[in-house]
Amino acid sequence: MTLRGQLPTRKSQEKYTVVSIRLSRGGAKKRPFYHIVATDKRNRRDGRYLERLGFFNPRATGGEESLRIDIERVDYWLAKGGQPTDTVADLVKKFRKQAAA
């Protein structure tokens with residue numbers, strides 16, 4: 001007896017794509033710069049993305065802006081079922097706190 005009829009097929013799984021909100025690395029060697037992007041979970045780290053939501057510059061100095069996030073769009077993707085990575089969730093929390101102050 002097989003369970004073939006009970007298991008979801010690949011085509012039915014493709015209908016429900018999972019959106020991930022994560023960092024995409026840019027910048028030069030030893031000088032990282034990250035874009036915060038909404039992407040399909042199956043895409044590569046620096047591959048194609050659905051929308052750019054902001055940036056994070058961990059090496060910002062002086063008057064440079066180190067973090068910018070479009071909170072409205074992040075909330076939109078979270079409402080649609082987007083799953084932020086741990087790092088992005090911390091950055092969003094930090095940005096919300098910074099914007100409230």
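## The sheet

Five strands make up an open sheet of mixed pairing, running in the order β4-β3-β2-β1-β5. Strands here are DSSP runs of E with at least two residues, helices are runs of H or I with at least four, and both are numbered from the N terminus; two strands pair if DSSP finds at least two bridges between them. β4 and β5 sit at the edges with a single partner strand each, so one side of each has no neighbour in the sheet. Further in, β2 and β3 pair in the antiparallel sense over five bridges, and Ala-38 has Glu-51 of β3 as its bridge partner.

## Model and confidence

This is a predicted model, in which local features need pLDDT of at least 70 and side-chain atom pairs count only at pLDDT 80 or more, while totals for chains, interfaces and linings use all residues. Residues are numbered from 1 along each chain as its sequence is written, and side-chain values use heavy atoms, with hydrogens and water left out.

The predictor's confidence in each residue, pLDDT, runs from 0 to 100. The protein chain averages 86, and 83% of the residues score at least 70. Among its elements, β3 has the highest mean (96) and helix α1 (residues 10-14) the lowest (54). Where pLDDT is low, the predicted coordinates should not be read in detail.

Leaving aside residues up to four places away in sequence, Leu-53 touches (heavy atoms within 4.5 Å) several residues, including Ile-21, Ile-36, Ile-69, Val-74 and Trp-77.

## Helix α3

Val-88, Leu-91, Val-92 and Phe-95 are the buried residues of α3; buried means under 20% relative accessible area, exposed over 50%, and partly exposed in between (1.4 Å probe, protein chains only). Seen down the helix axis, they fall within an arc of 100 degrees, so they line one face of α3; the arc is taken from the directions from the axis to the C-beta atoms. Their cover includes β1, β2, β3, β4, α2 and β5 (83-84). The face turned away from this buried side carries the exposed Asp-86, Asp-90, Lys-93, Lys-97 and Ala-100.

## A loop residue

Lys-30 lies in the loop between β1 and β2. Although not a glycine, Lys-30 has a positive phi of about 70 degrees.
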